Amino acid sequence: MLVEILFYIFGTFLVLAALGVITSRNPVFSALSLVVCFITSAAIWLLIEAEFLAVVLVLVYVGAVMVLFLFVVMMLDINIEELRKGFTRYAWLGWITALAVIVEIVGVVWVRGLGIDVSKSPTPTAPDYSNTLELGQVMYTKYAYPFELAAVLLLVAIVAAITLTLRRRPGLKVQDIGKQVAVNAKDRVRVVKMESEKRS
């Protein structure tokens, strides 16, 4: 009973935050609403005993990806007035998405009418069960090669991104650390002695 109450509470916050993402005209508020979506989704995953996914969602998306989103949004010079003018331009896409969600809800209700109990909660696991351990065993045994391949691809992408940022461009000013360290104070500062002047 308590799990169902918590599910409806977190689900309500999740729906409201999702509406805030698509209805807010300020991109910073939309990003913050998306953070609330991620946190409430993680709470719902905790209710179904998916602790690893919940922790990864909070650490990776809320702690890293959303911070990058906020930095990008705040560093870009976004014209809010232009966004408000084109708000209704993509309204048709929102209506299609809403229609798809309605169809999914009707499908769930229809499946329940066929006699399939979709509301049945999963069987509780043992207290010493760890889904993180199970995922680790599967990932590093059965899917070890795909996991390593994904790691190599991400490493190549990181190196490529760094290489693109460090490429030589005309007019680019770079630091020469060796010259900066080898500079003497007498070469940079000149002390000039001047006679004092009387004020008239």
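Biologist: Is S30 buried or exposed?

Modeller: This is a predicted model, and in it S30 lies in helix α2, which covers residues 27–47. The relative accessibility of S30 is 13%, and a residue counts as buried when the value is under 20%. Because 13% falls under that cut-off, S30 is classed as buried.

Biologist: Which residues does S30 touch, not counting those up to four places away in sequence?

Modeller: A contact requires heavy atoms within 4.5 Å. With residues up to four places away in sequence left out, the partners of S30 are G20, V21 and S24.

Biologist: How many of the residues in the protein chain, as a percentage, count as buried?

Modeller: The protein chain has 200 residues, and its accessible surface comes to about 17,400 Å², with carbon and sulfur atoms supplying 69% of that area. The share of residues that count as buried is 12%.

Biologist: Which helix holds V56, and how does its accessibility class come about?

Modeller: V56 has a relative accessibility of 30%, and values between the buried limit of 20% and the exposed limit of 50% are called partly exposed. V56 therefore counts as partly exposed, and its place is within residues 51–75, that is, helix α3.

Biologist: Which residues form the nonpolar patch on the surface, and what is their accessible area together?

Modeller: V56 is one of the members of this patch. The patch is formed by V55, V56, L59, V60 and Y61, and together their accessible area is about 420 Å².

Biologist: How many helices and strands does the protein chain have?

Modeller: Read along the sequence, the pattern is α-α-α-α-α-α-α-α-α. The count for the protein chain is 9 helices and 0 strands.

Note on methods
Residues are numbered from 1 along each chain as its sequence is written. This is a predicted model: local features need pLDDT of at least 70, side-chain atom pairs count only at pLDDT 80 or more; totals for chains, interfaces and linings use all residues. Side-chain values use heavy atoms; hydrogens and water are left out. Patches are made of residues with over 30% relative accessible area and no salt bridge: like charges are joined within 9 Å, nonpolar side chains (Val, Leu, Ile, Met, Phe, Trp, Tyr) within 5 Å. Accessible areas come from the Shrake-Rupley method with a 1.4 Å probe; for residues, only the protein chains shown count as cover. A salt bridge is a side-chain nitrogen of Lys or Arg within 4 Å of a carboxyl oxygen of Asp or Glu. Helices (H or I, at least four residues) and strands (E, at least two) are DSSP runs, numbered from the N terminus. Buried means under 20% relative accessible area, exposed over 50%, partly exposed in between (1.4 Å probe, protein chains only).
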